[in-house]
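Dear colleague,

I am passing on a structure that may be new to you. Please look it over first, and then read the notes below it.

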Amino acid sequence: MPILDERVQSYLASLRPERTAVMAEMEAVADRDRVPIVHWEAGRFLASLCRALDPMVLEVGTAIGYSTLHMAEQLDRGRVVTLELDPDRAGQARDFLDRAGVADRVELVEGDALETIPSLEGPFGLLFVDASKGQYREYIELAEPKLAERALLVVDNLLMGGQVADGESSEQWTAESLAAARELNAELLESERWLGSVLPVGDGLGFAAWTGR
């Protein structure tokens with residue numbers, strides 16, 4: 001369910017430029033196989049950050065590599081270290097990223113992110129989190145020691161189709177996931193470690209700057 005008015009949503013969709021063949025294929029696969037990927041607008045937001053900053057990126061949750069591709073396309077010296085638990089999806093992601101010509105800008109690490117994050121070196125200038133919703137806070141806390149001095153944070157699905165507003169669970173979003181998103185939304189705006197906001201982009205993006213306090 002879109003979080004914006006249907007007219008606004010349709011208008012924004014009409015502005016989307018034509019995607020590359022690989023990106024369009026990824027969208028079709030995600031739709032066919034019900035693979036959760038970011039909304040195109042969220043991918044574009046990430047791509048813009050990568051174009052401006054050319055950072056080392058830590059992405060928690062690769063899926064088939066859709067958001068990874070948005071970011072990697074815009075990097076020059078920067079790189080994406082992306083973490084994925086499911087080996088089948090990791091294999092799909094590697095194939096897509098290779099065919100898109102960005103494999104040399106991506107390191108895909110398989111395994112549970114709660115176990116792999118501590119082994120990473122960093123420093124990372126951009127942290128993007130889009131994995132198990134109930135563990136968002138743990139991912140972020142584990143990654144904080146790996147961040148650059150002026151790192152940015154982007155977190156997907158923090159409005160969950162608008163359902164966070166009333167907290168009513170559905171087939172897609174459980175009560176536990178909704179509660180975790182509501183807690184993280186509040187924490188981002190109250191945190192001393194992050195200067196944060198929640199944006200109605202895609203399915204809701206948390207966006208914050210690291211203060212390191």
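A salt bridge here is a side-chain nitrogen of Lys or Arg within 4 Å of a carboxyl oxygen of Asp or Glu. This is a predicted model, in which local features need pLDDT of at least 70 and side-chain atom pairs count only at pLDDT 80 or more, while totals for chains, interfaces and linings use all residues. Residues are numbered from 1 along each chain as its sequence is written, and side-chain values use heavy atoms, with hydrogens and water left out.

The whole structure holds 13 salt bridges. In one of them, the side chains of Glu144 and Arg193 meet at 3.1 Å, N to O. Glu144 lies in the loop between α7 and β5, and Arg193 in the loop between α8 and β6, 49 residues apart; helices (H or I, at least four residues) and strands (E, at least two) are DSSP runs numbered from the N terminus. Glu144 is buried, at 11% relative accessible area, whereas Arg193, at 32%, is partly exposed, where buried means under 20%, exposed over 50% and partly exposed in between, with a 1.4 Å probe and protein chains only.

Another salt bridge joins Arg137 to Glu187, with the closest N and O atoms 2.6 Å apart. Because Arg137 lies in helix α7 and Glu187 in helix α8, this pair ties together parts that are 50 residues apart in sequence.

As for the chain overall, its secondary structure comes to eight helices and seven strands, and buried residues make up 46% of its 213 residues.
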